[in-house]
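Dear colleague,

Here is the structure, with the sequence alongside. My notes follow below it.

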Amino acid sequence: MAPLSVLCPICQCPLQPQEPATACPECRTQYHYDCWQENKGCAIYGCSQVPPTETYSPLEIPPAYWGQEHRPCPACGAQILAAAIRCRHCGATFPSGQLEDPQTYQQRIQLQNRLPGLCKAVIWHFILSVIPCTSPVGALVGGLWRVVHRAELRSLPPIHAALSRLALLIGTGQTLLLLFMVLLFHLLRSP
């Protein structure tokens with residue numbers, strides 16, 4: 001009957017007679033020499049030769065996520081939990097539990113209220129730019145509108161932002177095409 005091979009507790013591979021091995025001085029458990037060095041000690045629970053546990057620095061999470069710290073609601077000023085995303089006093093909602101001052105909150109709410117109007121303006125800009133006879137108006141007015149509302153355009157949904165760019169491109173292209181056709185017509189009609 002063949003003798004049972006001893007498994008290294010760290011790598012779970014059998015110890016071969018030709019491989020360098022070592023034994024734990026306390027519990028006498030056999031290990032591959034490399035496994036013992038890699039682990040920096042014994043792998044048996046309760047043995048005094050087990051290496052010390054490595055400590056890691058704590059995660060940098062704001063204490064508001066863990067404790068019961070409070071902050072003023074930027075809408076009504078009442079005390080709410082710092083990680084709250086909705087004020088239980090006035091019903092105001094916040095995109096995250098991050099602190100937001102009243103001025104930033106008011107700007108965000110005003111932008112949210114203007115967003116449907118901006119989306120409608122983008123659609124009208126696109127319609128004006130697609131129709132050939134109104135494309136010069138769409139290109140000119142749409143271009144000026146984009147310059148004036150540049151900061152607000154960043155908050156539009158992606159489809160409306162793309163539609164706005166496309167409207168400007170189509171309106172400019174159709175305007176240039178109309179100018180080229182008028183110039184060509186004029187050149188062909190002149191004697």
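**The aromatic pair**

Trp 36 has a relative accessible area of 14%, so this residue is buried. Please keep in mind that the model is predicted. The structure contains one aromatic pair. Its members are Tyr 31 and Trp 36: the ring centres are 5.3 Å apart and the planes meet at 55°, so the pair is classed as tilted. The cut-off behind that label is that planes over 60 degrees apart would count as edge-to-face, and those under 30 degrees as stacked. Tyr 31 is buried as well, because its relative accessibility is 0%.

**Leu 118 in helix α2**

Helix α2 covers residues 102–130, and Leu 118 lies within it. With a relative accessible area of 7%, Leu 118 counts as buried. Leaving aside residues up to four places away in sequence, Leu 118 is in contact with Trp 145, His 149, Glu 152 and Leu 156. His 160 is 42 residues from Leu 118 along the chain, and the C-alpha atoms of the two are 9.0 Å apart.

Is Leu 184 buried, partly exposed or exposed? Its relative accessibility is 39%, so Leu 184 is partly exposed; that label applies between 20% and 50%.

Regards

Notes: Residues are numbered from 1 along each chain as its sequence is written. This is a predicted model: local features need pLDDT of at least 70, side-chain atom pairs count only at pLDDT 80 or more; totals for chains, interfaces and linings use all residues. Side-chain values use heavy atoms; hydrogens and water are left out. Buried means under 20% relative accessible area, exposed over 50%, partly exposed in between (1.4 Å probe, protein chains only). Rings of Phe, Tyr and Trp (its six-membered ring) pair if their centres lie within 6.5 Å; planes under 30 degrees apart count as stacked, over 60 as edge-to-face and the rest as tilted. Helices (H or I, at least four residues) and strands (E, at least two) are DSSP runs, numbered from the N terminus. Contact means heavy atoms within 4.5 Å.
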